[in-house]
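Reader: I would like to go through the terms used for this structure and see what stands behind each. Please set the values against the cut-offs.

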Amino acid sequence: MKTPIALLLAALLSTSAFASSVSGPYVGLKLGFTDYSKATLPGQYGLTAGYAFDITPRVTLGMELNATELGDSIFFKGFTAIDYKTYSYSAVLKPKYHFMALGNQPAYVAAVVGVSRVEESREYYVRGEGYRKDRDQDTTGIYGFEVGREVTPNLDIVGYFNYQKADLFGEDNYYRSYGFGINYRF
């Protein structure tokens, strides 16, 4: 009984079981939502550009640049409504482990680690002064994970989770991003 299981595991983990190369440049779009420490579930969208390097037949290293709108919504501080817009510009590394999924279409899991610049603008009403605008930014770390599956030889669908914390306006702000995306490999 142990021998068939060992042979199956060896076949799944062997380098010859996955012969498809996914190295090269890619671009992508992502849509999702952000759990922001001030407001919950504002919509999110972003663009991705990256390059994947084959390390082994099952492991690749992706280097990626992202531009994402983390949120455009309103939160309340006391009786004051604050309209905010938050953007994140990041450079990340993604070590990816590839495996065969259902229907013999390759899939992967990836760790996400990098650096991000978070920029936020706020507009709020100050008694007697009308609307006032403030802007702040912070450079911070970003980390998370991603799962993906090849739909065609050049098209991947992905699901992701990212987390970052920025010190903006003298406050700790947390951004937990969830979503889906599509990547096109050249």
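Author: Strands and helices here are DSSP runs numbered from the N terminus, a strand (E) having at least two residues and a helix (H or I) at least four. The model is predicted, so local features need pLDDT of at least 70 and side-chain atom pairs count only at pLDDT 80 or more, while totals for chains, interfaces and linings use all residues. Residues are numbered from 1 along each chain as its sequence is written, and side-chain values use heavy atoms, with hydrogens and water left out.

Reader: Which element gives the largest share of the lining of the second largest cavity?
Author: Strand 5 does, with 3 residues. Strand 5 covers 106-126, and P106, A107 and Y108 are among the lining residues.

Reader: What makes a space a cavity?
Author: On a 1 Å grid over the protein atoms alone, a cavity is a set of points where a 1.4 Å probe fits but cannot get out, and lining residues have an atom within 4 Å of a point. Points are joined across faces, edges and corners, and the volume is the space filled by probe spheres set on them. The structure holds 2 cavities of 30 Å³ or more. The largest cavity has about 220 Å³ of space; of its 24 lining residues, K30, T48, N66, Y160 and N162 are the closest to its centre. The second largest cavity has about 110 Å³.

Reader: Why is H98 called buried?
Author: Buried means under 20% relative accessible area, exposed over 50%, and partly exposed in between, with a 1.4 Å probe and protein chains only. H98 has 4%, which is under 20%, so H98 is buried. H98 belongs to strand 4 and is one of the residues lining the second largest cavity.

Reader: What joins the side chains of H98 and T60?
Author: A polar contact of 2.9 Å. The term needs a pair of N or O atoms within 3.5 Å; within protein, one must be able to donate a hydrogen and the other to accept it, and residues adjacent in sequence count only if both atoms are side-chain atoms.

Reader: Why is the pair of F145 and F161 called tilted?
Author: Rings of Phe, Tyr and Trp (its six-membered ring) pair if their centres lie within 6.5 Å; planes under 30 degrees apart are stacked, over 60 edge-to-face, and the rest tilted. By this rule there are 10 aromatic pairs. F145 and F161 are 5.9 Å apart centre to centre, with 35° between the planes, so the pair is tilted. F145 lies in strand 6 and F161 in strand 7, 16 residues apart. F161 is buried at 19%, whereas F145 is partly exposed at 46%.

Reader: How is the pair of F161 and Y178 described?
Author: This pair is also tilted, at 5.1 Å and 45°. Y178 is partly exposed at 30%. Ring pairs link F33, F145, F161 and Y178 into a cluster.

Reader: How do you know that the charged end of K30 sits over the ring of Y160?
Author: The rule asks for NZ of Lys or CZ of Arg within 6 Å of the ring centre and within 35 degrees of the ring normal. K30 is 5.3 Å from the centre of the Y160 ring. K96 lies over the face of Y108, at 4.7 Å from the ring centre.

Definitions and conventions: 1 Å grid on protein atoms, 1.4 Å probe; cavity = no way out; pocket = protein on both sides within 12 Å on 5 of 7 lines; lining within 4 Å.
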